[in-house]
Amino acid sequence: MKYKILSFFYDLVEFFFSNPETNPRHGLARLIPDEDLQILDVCFGTGNSTLMVAKNNSKNRITGIDLSADMLQVANRKIRKQGLTNVTTFRMDALNMDIEDESFDIATSSFGLHEMEYPVMENILKEINRILKKDGRFYLVDYQLQDTAIKRFFFRVYLLLTSPSHVKDFLKYDWEAVMKECGFRIDKIEPYRISQIICASRL
Ligand SMILES: C[S@@+](CC[C@H](N)C(=O)[O-])C[C@H]1O[C@@H](n2cnc3c(N)ncnc32)[C@H](O)[C@@H]1O
């Protein structure tokens, strides 16, 4: 229900990301090599991150899954409009993916996990681990704590208006420990506007 309404104006969030240098969606496209790779995007939404990847990396073959038919409808419209032939979407629950073990080279997820309480997020991370090949990589794009008091203030107001209250816990997670618990090793973390990309490998 929430995303039925949000799907109409969700893409306004892109206002934050007008500079390609600090836009995590551009960052993700730069991090993923343009090779024949099977990529799964979890919590695809309207596809803002992964469509950037698909546009820049024509050799990548991308599958996007999301629970909301309304968000996927907006995404599918954009896929058709942009003439992208390397993206397919499915309505699917990330907690119980109808996907074989070890079938994807790369998994991505952007701005979805901060909405979930810890046990749900942990189960999704474990599902992602399951569907990745042995040497598979995972890129998590999501919010990070802001570094100055003024930025923190405005970010808190923004989160209060847009996110569930447990987002404040998400901002304090020890990502090394969380990723290890879910079968990943962090390779590096890159900072972006209001967000970061955690680049991890399957252990
Ligand atoms: C804030 S949106 C993020 C959309 C997009 N990835 C982005 O970067 O803008 C979160 C998305 O997660 C999806 N979602 C939430 N729980 C899910 C679940 N259990 N399985 C699949 N998708 C889920 C919602 O439907 C929504 O489209």
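Analyst: The largest nonpolar core of this predicted model comprises 64 residues, and Met97 and Trp175 have the most contacts inside it. A nonpolar core is here a set of buried Ala, Val, Leu, Ile, Met, Phe, Trp, Tyr and Cys residues joined through side-chain atoms within 4.5 Å. Buried denotes under 20% relative accessible area, exposed over 50%, and partly exposed in between, with a 1.4 Å probe and protein chains only. Strand β5 (residues 132-143) supplies the largest share of this core, six residues. Helices (H or I, at least four residues) and strands (E, at least two) are DSSP runs, numbered from the N terminus.

As the model is predicted, local features need pLDDT of at least 70 and side-chain atom pairs count only at pLDDT 80 or more, whereas totals for chains, interfaces and linings use all residues. Residues are numbered from 1 along each chain as its sequence is written, and side-chain values use heavy atoms, with hydrogens and water left out.

Contact means heavy atoms within 4.5 Å. With neighbours within four places in sequence set aside, methionine 97 touches Leu40, Val42, Ile65, Met92, Glu127, Ile128, Arg130 and Ile131. The other residue named with it, tryptophan 175, forms an aromatic pair with phenylalanine 170, taken up below.

The sheet comes next. Seven strands build an open sheet of mixed pairing, in the order β3-β2-β1-β4-β5-β7-β6. Its edges are β3 (87-91) and β6 (184-192), each of which pairs on one side only. From one strand to the next the twist averages 20 degrees. Two strands pair if DSSP finds at least two bridges between them. Between β5 and strand β7 (residues 195-202) there are seven bridges, in the antiparallel sense; tyrosine 139 has cysteine 199 of β7 as its bridge partner.

Two helices lie across this sheet. Helix α5 (residues 118-131) lies across β1 (38-42), β4 (104-110), β5, β6 and β7, and runs at about 145 degrees to β5. For these angles, axes are lines fitted to C-alpha atoms, for helices over the stretch in contact, and the angles run from 0 to 180 degrees between N-to-C directions.

Helix α3 (residues 48-56) is largely enclosed by the rest of the structure, because seven of its nine residues are buried. These are Asn48, Ser49, Thr50, Leu51, Met52, Val53 and Ala54, and their cover includes α2 (24-31), β1, β2, α4, β3 and β4.

Glycine 64, a residue of strand β2, is buried at a relative accessible area of 0%. Beyond the four places in sequence on either side, glycine 64 contacts Asp41, Phe44, Thr88, Thr89 and Phe90. Cysteine 43, in the loop between β1 and α3, has a positive phi of about 65 degrees although it is not a glycine; its relative accessibility of 18% counts as buried. Isoleucine 194, in the loop between β6 and β7, likewise is not a glycine but has a positive phi, of about 50 degrees. At 9% relative accessibility, isoleucine 194 is also buried.

The structure contains 10 aromatic pairs. Rings of Phe, Tyr and Trp (its six-membered ring) pair if their centres lie within 6.5 Å; planes under 30 degrees apart count as stacked, over 60 as edge-to-face and the rest as tilted. Phenylalanine 155 and tyrosine 158 are stacked, because their planes stand at 25 degrees, with ring centres 6.3 Å apart. Both belong to helix α6, three residues apart, about one turn of the helix, and both are buried. The pair of phenylalanine 170 and tryptophan 175 is edge-to-face, with 5.2 Å centre to centre and 70 degrees between the planes; these two residues are buried as well. Phe111, Tyr143, Phe155 and Tyr158 form one aromatic cluster.

Histidine 166 sits in the loop between α6 (149-162) and α7 (167-170) and is buried, with a relative accessible area of 16%.

Finally, an unreviewed UniProt entry places the feature "domain: Methyltransferase" at residues 39-136. UniProt positions are given in the numbering used here, feature names are shortened, and annotations may be inferred rather than shown by experiment. Over residues 39-136 the chain is 37% helix and 28% strand, with the end C-alpha atoms 10 Å apart.
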